[in-house]
Amino acid sequence: MLHLQGPKKLRRVNKYAYTPKLISIGPFHHGNEDLREMEKQKLRYFKDFCSKNNRSQEELASIVEGKELQIRHSYAEAPKQGKNQFVKMILLDAIFIIELVVRNYETPEEEQDNHILGKPWLRNAIQLDLILLENQLPFFILDDLYKFVFDDSSSCNHHKEEQQKQNEIPNKSYVPFLKLCRIYFSCYEKKQLKSNRTREVKHFTDLVRNFHIADNLDPTGKIRHLYCATKLDEAGVKFKAVQERSLLDIKFRKDRCLERCPFCNCSWLLNWLPCMKCVPCFEQMQPFLELPVFEVGDATECVFRNLMALEQCHYPKQAYISSYILLLDYLINTEKDVDLLVEKKAIVNRLGSDEAVAKLVNKLGHQIVECKSCYFDLSKELNGHYENFWNRNMASLTTVYFRDIWRGTATVV
């Protein structure tokens with residue numbers, strides 16, 4: 001069972017984060033009056049799809065009928081629709097999605113003038129609705145229908161070649177459906193990760209989660225405590241934003257010389273004489289917490305709540321997204337912590353207010369149960385650094401007496 005529905009306790013925290021705004025996919029929100037307008041667009045897409053690819057509704061429905069029970073069992077709560085209504089609903093939703101991602105792939109951005117792809121606000125809203133956990137179809141039925149229509153090597157396509165000859169349908173080179181989906185949802189993918197290409201995709205929420213997963217994540221223990229960003233900054237930890245890395249790939253880099261002798265920390269010198277930063281050995285002798293850039297916008301809460309709900313149901317022992325959000329919750333207590341991380345460019349604040357970001361991060365962790373964190377060892381290192389008496393004193397020396405070139409010069413004089 002894929003649990004295509006989040007835990008009710010999470011939904012109660014913010015039900016709007018799990019509810020589609022424009023389009024319903026699958027049985028959970030089917031029939032919602034607020035989403036009825038997009039049903040007309042689904043029918044238009046279905047007719048266009050059948051016409052372009054010379055397929056009948058009966059042919060496509062037979063694929064869904066053969067997987068009906070498997071599709072039903074993918075939902076935590078059994079769908080209430082009867083067989084005919086259920087098959088029709090799944091078919092209409094599936095073909096809409098396939099036609100949407102195919103058009104997105106085949107049509108250049110400047111020529112996308114249809115009802116959805118040509119309107120950026122509508123395109124973004126539909127994309128967001130399509131990754132909600134309660135608004136999913138199992139990926140296998142989308143892939144099966146796509147292969148039935150487009151893949152010449154598919155077992156159910158033994159008559160396709162003859163049909164192409166008879167109807168003069170051009171045989172375009174086959175592009176895997178997963179690739180089309182990755183392109184369509186590329187706005188949620190920070191960078192291409194080779195490891196993602198081999199992971200099984202259960203549905204679109206799972207696909208977006210895969211975008212963020214790195215290979216080196218290993219849950220080892222549960223974090224009980226971690227000092228916030230401003231506290232760590234007071235102990236001399238430097239926050240460094242990194243671009244070319246998975247969102248979850250956070251590292252604490254500390255030279256061994258610093259562990260043996262905190263006086264080797266050259267922060268005071270670099271603050272006093274910024275030109276010394278060009279000397280690699282001085283730069284490397286500072287403790288750095290490397291954070292991939294985290295962009296916070298209007299859709300952030302919705303996206304991450306759905307990813308965490310998926311993990312709570314299906315990946316309780318590999319809850320990497322949940323671990324990341326809970327780590328941020330430790331690092332961010334107040335708007336001062338957000339201000340520090342924004343200043344270091346580790347957070348891009350599109351909400352406008354540092355306080356709003358702090359409240360958002362602090363609320364995201366509500367009702368999230370974490371078995372083990374992949375940042376347990378990281379938290380031990382950071383706590384150990386802060387609790388070292390000399391680290392805090394060296395940081396105070398830097399802040400009070402060598403804050404900038406003028407203060408440092410006055411101190412020396």
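Of the 413 residues in the protein chain, 51% are buried (under 20% relative accessible area with a 1.4 Å probe, protein chains only). This is a predicted model, so local features need pLDDT of at least 70 and side-chain atom pairs count only at pLDDT 80 or more, while totals for chains, interfaces and linings use all residues. Residues are numbered from 1 along each chain as its sequence is written, and side-chain values use heavy atoms, with hydrogens and water left out.

The protein chain has 21 helices and 5 strands, taken as DSSP runs numbered from the N terminus (helices H or I, at least four residues; strands E, at least two).

Now to the rings. Searching the whole structure turns up 12 aromatic pairs (Phe, Tyr or Trp rings, the six-membered one for Trp, with centres within 6.5 Å; planes under 30 degrees apart are stacked, over 60 edge-to-face, the rest tilted). Tyr 146 and Phe 177 make a tilted pair, since their ring centres are 5.2 Å apart and their planes sit at 40°. Tyr 146 belongs to helix H7 (residues 139-150) and Phe 177 to helix H9 (residues 177-184), so this pair ties together parts 31 residues apart in sequence. Both Tyr 146 and Phe 177 are buried.

Phe 294 and Phe 304 pair edge-to-face, with 5.6 Å between centres and 85° between planes. Here strand S4 (residues 294-296) supplies Phe 294 and helix H15 (residues 300-314) supplies Phe 304, 10 residues apart. Phe 294 is buried at 4% relative accessible area, and Phe 304 is buried at 6%.

Notes: Buried means under 20% relative accessible area, exposed over 50%, partly exposed in between (1.4 Å probe, protein chains only).
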